[in-house]
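The exercises below are meant to be worked through with the sequence and the model side by side. Try each task before reading the solution that follows it.

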Amino acid sequence: MTKVLTPTAEHDVAARDGLWMSPKDAETATGWTLKPEGMCRADACVPLPASALKPNEVDVAAFWTKLGGPVIASDQKDVWALGAPADERNAALDGLEAPDFTLPDLDGKPRSLSQLRGKKVFLATWASW
Amino acid sequence: MWQQLYAELKDNNFMVIAVAEESRGAEHARQWIEAAKSDYWQLIDAEHRLEDLYNLVNVPQAIWIDEQGRIARPPENAGSTDHFRRMDLKTRTMSPEDQAARLAAREAYLQAVRDWVRTGKHALPADAARVNLPKVTPDIAEARARFRLGVWLRAHDRAAEGDRQMAEASKLHPDSWSLWRQAADLDQVGKASGPEFWARVQALGDKAYYPPPKL
């Protein structure tokens with residue numbers, strides 16, 4: 001199995017030759033769906049070159065690179081990190097809507113920023129290091 | 001760190017979210033969170049997701065978010081100062097003048113937050129907020145992915161390879177103290193405040209470690 005680390009999750013998929021995987025696994029790992037137009041998410045579609053497609057297989061590394069996101073592989077090619085494209089991060093921040101997130105508290109209970117709509121929020125980071 | 005502020009202002013439709021950028025996870029942050037005895041949200045960000053989303057570079061940084069979920073003030077140093085750079089490393093103390101100045105700067109920042117919550121003062125209009133938002137570059141985006149991979153590798157007994165990825169991440173995003181210091185801490189707790197840290201701080205020269213917020 002190949003481990004895929006994305007900005008929000010990690011997934012174990014059956015991949016070969018890098019990140020060639022079934023469209024179903026590609027959707028699980030990336031959140032994008034293979035359609036005739038290419039890989040699509042909401043209103044956006046990214047067309048794929050023929051070289052990134054085989055019967056029931058899609059080259060997720062090629063797709064992610066086309067999206068503009070970094071694709072980093074471990075030495076053994078068994079663990080891959082797919083990073084958010086810089087453009088995606090900048091577009092979100094440029095709109096000045098505070099990006100939503102869900103993180104656990106000490107008890108493991110998930111909390112989302114969007115739950116606090118209607119209040120002023122002071123969001124501060126810290127670390128023991 | 002923010003409990004007093006929160007206690008004063010919570011009836012003004014205000015909330016504090018403190019997020020631990022802690023790759024070692026909840027148990028490593030527990031003692032400080034419990035000691036804080038806070039009523040606000042104390043969240044654990046083991047993947048440094050917030051740093052990724054908001055393009056952060058150090059701790060503590062704060063973002064002010066208004067009632068409509070919009071960024072009122074983009075990421076800024078949250079009331080800390082560079083006086084620590086003048087600390088006597090042997091005695092680990094600051095001069096009384098520096099201590100007073102440091103305290104005054106922190107109090108000024110807290111007062112700004114109070115003013116914002118009570119009157120909306122200090123919230124930036126859209127253009128000004130955008131100007132103060134640092135851009136995520138392709139190098140920074142790559143740094144995030146390498147850091148993520150590096151942390152995973154370290155946590156799964158592939159420390160040398162993990163450290164290599166994290167070192168590359170720091171090279172790609174040299175402005176990020178978080179990437180560098182978290183990697184150092186994963187190598188050895190305390191290393192992030194050790195001699196290499198001080199050397200890296202000294203190398204800043206005139207550049208700020210904690211740039212003052214433009215309030």
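**Exercise 1.** Which unit do S1(B), helix H2 of chain B and S2(B) make?

*Solution.* This is a predicted model, in which local features need pLDDT of at least 70, side-chain atom pairs count only at pLDDT 80 or more, and totals for chains, interfaces and linings use all residues. Residues are numbered from 1 along each chain as its sequence is written, while chains are lettered from A and ligands numbered from 1 in the order in which they are written.

Begin with the elements, where helices (H or I, at least four residues) and strands (E, at least two) are DSSP runs numbered from the N terminus. Strand S1 (residues 14-20) of chain B pairs with S2(B) in the parallel sense over four bridges, pairing being called when DSSP finds at least two bridges between two strands. Within this pairing, Ala18(B) has Gln42(B) in S2(B) as its bridge partner. With helix H2 (residues 26-36) of chain B, the two strands make a right-handed β-α-β unit; right-handed says that, with the strands pointing away from the viewer, the path from the first strand over the helix to the second runs clockwise.

**Exercise 2.** Which residues of strand S2 (residues 41-44) of chain B point one way, and which the other way?

*Solution.* In a regular strand the side chains alternate between the two faces of the sheet. Here Trp41(B) and Leu43(B) point one way, whereas Gln42(B) and Ile44(B) point the other way, and all are buried, that is, 20 or more other C-beta atoms, placed from the backbone, lie within 10 Å of the residue's own.

**Exercise 3.** How many helices and strands does chain A have?

*Solution.* Chain A has three helices and 13 strands. Buried residues make up 37% of its 129 residues.

How values were computed
A residue is buried if 20 or more other C-beta atoms lie within 10 Å of its own, exposed if 12 or fewer, and partly exposed in between; C-beta atoms are placed from the backbone.
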